[in-house]
Amino acid sequence: MSNSDLKVKVWRGSQEGEFVEYLVPRNPNQTVLDVVTYIQRKLDPTLSYRFACRVGMCGSCAMTVNGVARWTCRTHVSKIVEGDSLEIAPLNNLPVIKDLATDMREFFNKWKGAVGFFKGDKTRHDDFTKVQPNSEERQLADAGIECIGCGVCYASCEVVQSRPNYLGPAALNRAWTLTNDVRDVQQLERMTAVAGDAGCHACHSQGSCTEACPKSIAPTASIAGLKKLVARAAVRGSKWGKL
Amino acid sequence: MGQVMNQGVLQAKLWYAQRISAMVLGLCVAIHLVIIFYAIRGGLTAQEILGRTQGNVLFAIFYEIFVLACFVHAPIGMVNILQETFPKSGLDRPIAWILALLILILGTTAVVGVFTGGQI
């Protein structure tokens with residue numbers, strides 16, 4: 001059995017730490033999350049990591065695997081293993097709490113900072129707003145709406161690395177979906193929040209977020225949409241007013 | 001709050017200015033290259049260049065537009081690069097302003113030079 005064992009290096013510690021190697025038996029259809037779970041249950045119960053749904057819905061289990069940020073529950077070992085080695089580390093661009101668990105507070109605070117939340121002006125006594133499924137706004141919102149908030153794009157973004165106050169791809173993608181939500185009433189606040197170098201205009205359009213997104217969303221395209229909309233609103237004005 | 005807001009809106013405007021100037025530059029560079037290729041078919045000397053550009057208002061206007069587009073475009077990009085490469089230096093804006101003034105002054109001097117043939 002030992003011949004086919006995986007050599008798995010796992011980050012142990014917090015900001016300071018080291019990789020520790022574990023031997024994990026290989027199984028068919030094994031995911032990276034299975035490997036981490038095996039280590040925690042059979043080899044070292046002090047290993048900390050985060051997961052919940054195991055089926056790619058919750059966005060909790062993202063880690064850096066062989067140098068690339070991935071959702072570990074839907075990543076098969078066979079697809080990414082290099083020889084018989086795996087290197088599993090916490091996500092980049094976020095403070096490490098312990099081992100593979102990062103502190104996601106800043107990531108989610110930036111969603112709030114980008115006004116990445118819905119606010120309408122209707123009550124339960126009003127009729128439903130009718131949004132045509134094939135309307136342009138609905139289509140644009142649809143393109144980015146499936147985000148599960150895993151942080152893979154944020155960890156892959158080199159602008160986040162060089163500008164710590166940059167809102168990042170996930171928050172800006174959410175802002176873009178809401179910009180295209182005809183029911184939302186915070187459009188000017190949102191555009192002001194995402195304008196400039198802490199927001200959409202710092203994006204290099206390099207596309208690392210889009211390449212890494214496990215849900216195949218293109219935050220780069222969402223950010224490009226925001227750049228145009230917001231800059232135009234600052235110079236010429238928009239349908240919601242001028243910035 | 002107002003300060004932060006204005007900063008973002010200002011940067012959005014700068015981004016817009018950089019984008020528009022990039023479009024102008026794209027056109028200018030293309031025209032510039034075509035003219036170069038056309039003009040040097042049989043070799044070219046400084047005398048011949050000045051012979052064509054001296055007193056030619058269209059050349060002067062074209063190259064001044066080129067200079068103005070560089071004046072807008074390059075310093076904005078320089079600020080971004082400096083901010084991301086040396087975030088704590090505080091030199092991003094001074095260096096960008098120096099670059100802007102250099103482009104404007106040296107560029108305009110060159111345009112005046114080819115227009116007057118160096119004889120003011």
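Reply: Let us begin with burial in chain B. This is a predicted model, and of the 120 residues of chain B, 17% count as buried.

Me: Which elements make up chain B, and in what order do they run from the N terminus?

Reply: Chain B contains four helices and zero strands. Read from the N terminus, the order is α-α-α-α.

Me: How is the overall form of chain B to be judged from its radius of gyration?

Reply: One sets the radius against the value from the globule rule. For chain B the radius of gyration is 18 Å, whereas the rule gives 14 Å for 120 residues; the chain is therefore more spread out than a compact globule. Taken along the principal axes, its C-alpha atoms fill a box of roughly 60 × 25 × 25 Å.

Me: What share of the contacts in chain B joins residues at least 24 apart?

Reply: Counting contacts between residues at least 6 apart in sequence, 78% join residues at least 24 apart.

Me: Turning to chain A, is helix H7 enclosed or open, and why?

Reply: One counts its buried residues. In H7(A), 11 of the 11 residues are buried, so the helix is largely enclosed by the rest of the structure. Among them are A:Pro169, A:Asn173, A:Arg174 and A:Trp176. The buried residues of H7(A) pack against several helices of chain A, including H3 (105–113), H4 (136–144), H8 and H10 (219–235).

Me: How do H7(A) and H8(A) lie relative to each other?

Reply: The angle between the axes decides this, and over 145 degrees counts as roughly antiparallel. H7 (residues 169–179) and H8 (residues 187–194) of chain A pack at about 155 degrees, with their axes 11 Å apart. The two helices are therefore roughly antiparallel, and their crossing is left-handed.

Me: Which residues meet where H7(A) and H8(A) are in contact?

Reply: From H7(A) come A:Leu172, A:Ala175, A:Leu178 and A:Thr179, which meet A:Gln187, A:Arg190 and A:Val194 of H8(A). The residues of this contact comprise four nonpolar, two polar and one charged.

Notes. Residues numbered from 1 in each chain as written. Chains lettered and ligands numbered in written order. Predicted model: local features only at pLDDT ≥ 70, side-chain atom pairs only at ≥ 80, totals over all residues. Axes fitted to C-alpha atoms, helices over the stretch in contact; angles between N-to-C directions. Parallel < 35°, antiparallel > 145°, perpendicular 65-115°, else oblique. Left-handed = near helix turned anticlockwise from the far one by under 90°. Contact = placed C-beta atoms within 7 Å. Nonpolar A, V, L, I, M, F, W, Y, C, P; charged D, E, K, R; others polar. Rg over C-alpha atoms; globule rule 2.2 N^0.38 Å. Buried ≥ 20, exposed ≤ 12 C-beta atoms within 10 Å, placed from the backbone.
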